[in-house]
Amino acid sequence: MKETKQPVIAIMGPTASGKTATALEIARHIPSEIMSVDSALVYRDMDIGTAKPSKEERAAVPHHLIDIIDPSEVYSAARFRDDALQLIADIHKRGKLPLLVGGTMLYFNALTSGLDMLPPANPTIRARLDEEATRSGWPALHARLAELDPETAGKLKPNDSQRIQRALEVIELTGKPLSALQSGKKQDNLPFHLIPIALEPSDRSQLHKRIAQRFDQMLENDRLIEEVRQLRNRGDLHLGMPSMRCVGYRQTWQYLDGEFDRNTLREKGIAATRQLAKRQLTWLRAMPERIVIDCLSPEAIHQIMNHIGKLNIPGSVMTG
């Protein structure tokens, strides 16, 4: 049967792979709107450590799902899916191409595969679990999870605070283990045709250099340190919150707490970012349908435009 669904381009990839620049270049050729698929960009007042698109870049092309919540709030994969489906429909109605751009693979998975019917977050339970973790440590809560839901605990590292917290929260809210509630069913009834393009490095060491350079830029003139200092001085944020767990923010907060010096901050920040990139690449390689583009190649954007050109999108200006 001939494909009649309208196209959506997903620009995925590890951190520092050039996703933003790629999306902006596509938008030069095709009337587009960019939708962020990034769990850090949703937060206001977190610009430096998230490498948020500049005001000029956001003015050049409409951007969505950036600066939509306060760092004290929680933005779930379920909420992302609802927002994304509505935005994609709206962008298509405006006669433009939706560009889904980011590296939060959990969000991409939620959009394409659907979500199990799990209870929403409960701030009271989460706050209590955070307090317990402060006293006893996340490994102790991981041990408790291992007794209540050994299958889920077996998939998590003892310090995976966010997922341990969620698993214990679900048990408390439903009386059932998370593993029993997750069906793993795929949904193939998306109302659009998704074209997943993955920017992946042919040389991992070159990506690591990019990561180090970008983190050094964040530290220039203490920009990241001052950003986190302002957030810390608010008084209503703490390291247990999803916003402050973001790569770079946790390490900078710990530096401001006096846990280590500036050189160690740099080392830990770069190491955490490299680990994030590794996890992102692992997610991508589990997607056999993706179109792989070497993000280090000078021909990368040309190759992407060739793929998009085959879609015959109305209004596109394919100038190479």
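Me: Which helix gives the most to the positive patch?
Reply: This is a predicted model, in which local features need pLDDT of at least 70 and side-chain atom pairs count only at pLDDT 80 or more, while totals for chains, interfaces and linings use all residues. Residues are numbered from 1 along each chain as its sequence is written, and side-chain values use heavy atoms, with hydrogens and water left out. Helices are DSSP runs of H or I with at least four residues, numbered from the N terminus. With three residues, the element that gives the most to the positive patch is helix H13 (residues 262-285).

Me: Which residues form the positive surface patch?
Reply: Patch residues have over 30% relative accessible area (Shrake-Rupley method, 1.4 Å probe) and no salt bridge, with like charges joined within 9 Å. Lys and Arg count as positive, and the charge is placed at NZ of Lys or CZ of Arg. The patch is formed by Lys-157, Arg-204, Lys-278, Arg-279 and Arg-285.

Me: Is Lys-278 buried, partly exposed or exposed?
Reply: Lys-278 lies in helix H13. Buried means under 20% relative accessible area and exposed over 50%, with partly exposed in between. Because its relative accessibility is 46%, Lys-278 counts as partly exposed.

Me: How many salt bridges does a search of the whole structure find?
Reply: Side chains of opposite charge can pair when their charged atoms come close. A salt bridge here is a side-chain nitrogen of Lys or Arg within 4 Å of a carboxyl oxygen of Asp or Glu. The number found in the whole structure is 21.

Me: Which residues are linked with Lys-52 in a network of salt bridges?
Reply: Lys-52 is buried, at 10% relative accessibility, and its side chain meets that of Asp-47 in a salt bridge of 3.0 Å, N to O. Asp-47 is partly exposed, at 36%. The network links Lys-52 with Asp-47, Arg-58 and Asp-67.

Me: How many disulfides does the structure hold?
Reply: Cys-246 is buried at 12% relative accessibility, and Cys-295 is buried at 8%. A disulfide is a pair of cysteine sulfur atoms within 2.5 Å. The number of disulfides in the structure is zero.

Technical notes: Buried means under 20% relative accessible area, exposed over 50%, partly exposed in between (1.4 Å probe, protein chains only). Patches are made of residues with over 30% relative accessible area and no salt bridge: like charges are joined within 9 Å, nonpolar side chains (Val, Leu, Ile, Met, Phe, Trp, Tyr) within 5 Å. Helices (H or I, at least four residues) and strands (E, at least two) are DSSP runs, numbered from the N terminus.
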